[in-house]
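This report moves from one residue and its surroundings to the overall dimensions of the chain.

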Amino acid sequence: MDRDLRIVAPEAFDEAGADVLAEVMRASVEARGRCAAALSGGSTPRPVYRRLARVEGLDWSALHVYFGDERAVPPDDPESNYRMAREALLDRVPIPGGQQHRIEAEREDLESAAAEYGRRLPDRLDLLVLGIGADGHTASLFPGSWALDEALRRAVVVDAPRPPTRRVTLTPPVVRSARATVVLAAGEGKAGAVRRALAEEGEVRACPARLARGGTWVLDRAAASELEAGVGG
Ligand code: 6PG
């Protein structure tokens, strides 16, 4: 999927995000009979997932759910990405339980949890949903992280520069191999990171969200406010 910018008014953001995710899911199920989708955590996706749960005509039985990253907390912890997705989407649509693959980041042996999750991932994700932090991180790939050089493993344990610090994250090879990547970003606070990710040349090391540069970016006007006209296209 070539880079595709969807810049909308703040009040249209949730629906625009849900429409893009539904569009990719439908195309994947039509082409391959299934959609292996890794969901982003954080707060931005929550209303988008709620809106997605109301989209008509999606074949939820063909959806296989994974996660881009998870914090090392129990699955019912307020900081859990799984809990956010479960409340906003997974409990609202009929996805078979055996097709929901959360990262068991509450386990004492986090390295084993990451390795087992990496083995469960499909060869290629059909859909990877990502957010972006003000520092340009995505998933739990932070600027300067050693994990940005990981070329073999598909999920690793990292220490984030902000709590919850211990996390499991997908690695760059998994991000790069996704058939479709959708980045969701809203608010003035993301404008600088969005500009660095989309409109400035530079290394992924400095701005890991550049890994998703070729994907679809759903932005509200505030998050897109530092992009010059014509960037992206
Ligand atoms: C996480 C996400 C992370 C998130 C960004 C943006 O676990 O928090 O994987 O990459 O997408 O930090 O977070 P907000 O949507 O809360 O701004």
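Leaving aside residues up to four places away in sequence, Leu125 is in contact (heavy atoms within 4.5 Å) with Ala36, Ala38, Tyr66, Leu170, Val174, Ser177, Ala178 and Arg179. The model is a predicted one, in which local features need pLDDT of at least 70 and side-chain atom pairs count only at pLDDT 80 or more, while totals for chains, interfaces and linings use all residues. Residues are numbered from 1 along each chain as its sequence is written, and side-chain values use heavy atoms, with hydrogens and water left out.

Leu125 lies in the loop between helix H4 (110-120) and strand E5 (127-130), where helices (H or I, at least four residues) and strands (E, at least two) are DSSP runs numbered from the N terminus. With a relative accessible area of 2%, Leu125 is buried, a term that means under 20% relative accessible area with a 1.4 Å probe and protein chains only.

The protein has six helices and nine strands. Its radius of gyration, taken over C-alpha atoms, is 16 Å, close to the 17 Å that the globule rule (2.2 Å times the number of residues to the power 0.38) gives for 233 residues, so the protein is as compact as a globular protein of that length. Along the principal axes, the C-alpha trace spans about 45 × 40 × 30 Å.

Two percentages for the protein are set out below.

| Quantity | Value |
|---|---|
| Buried residues among the 233 residues | 55% |
| Contacts between residues 24 or more positions apart, among contacts with a separation of 6 or more | 75% |

Methods. Buried means under 20% relative accessible area, exposed over 50%, partly exposed in between (1.4 Å probe, protein chains only).
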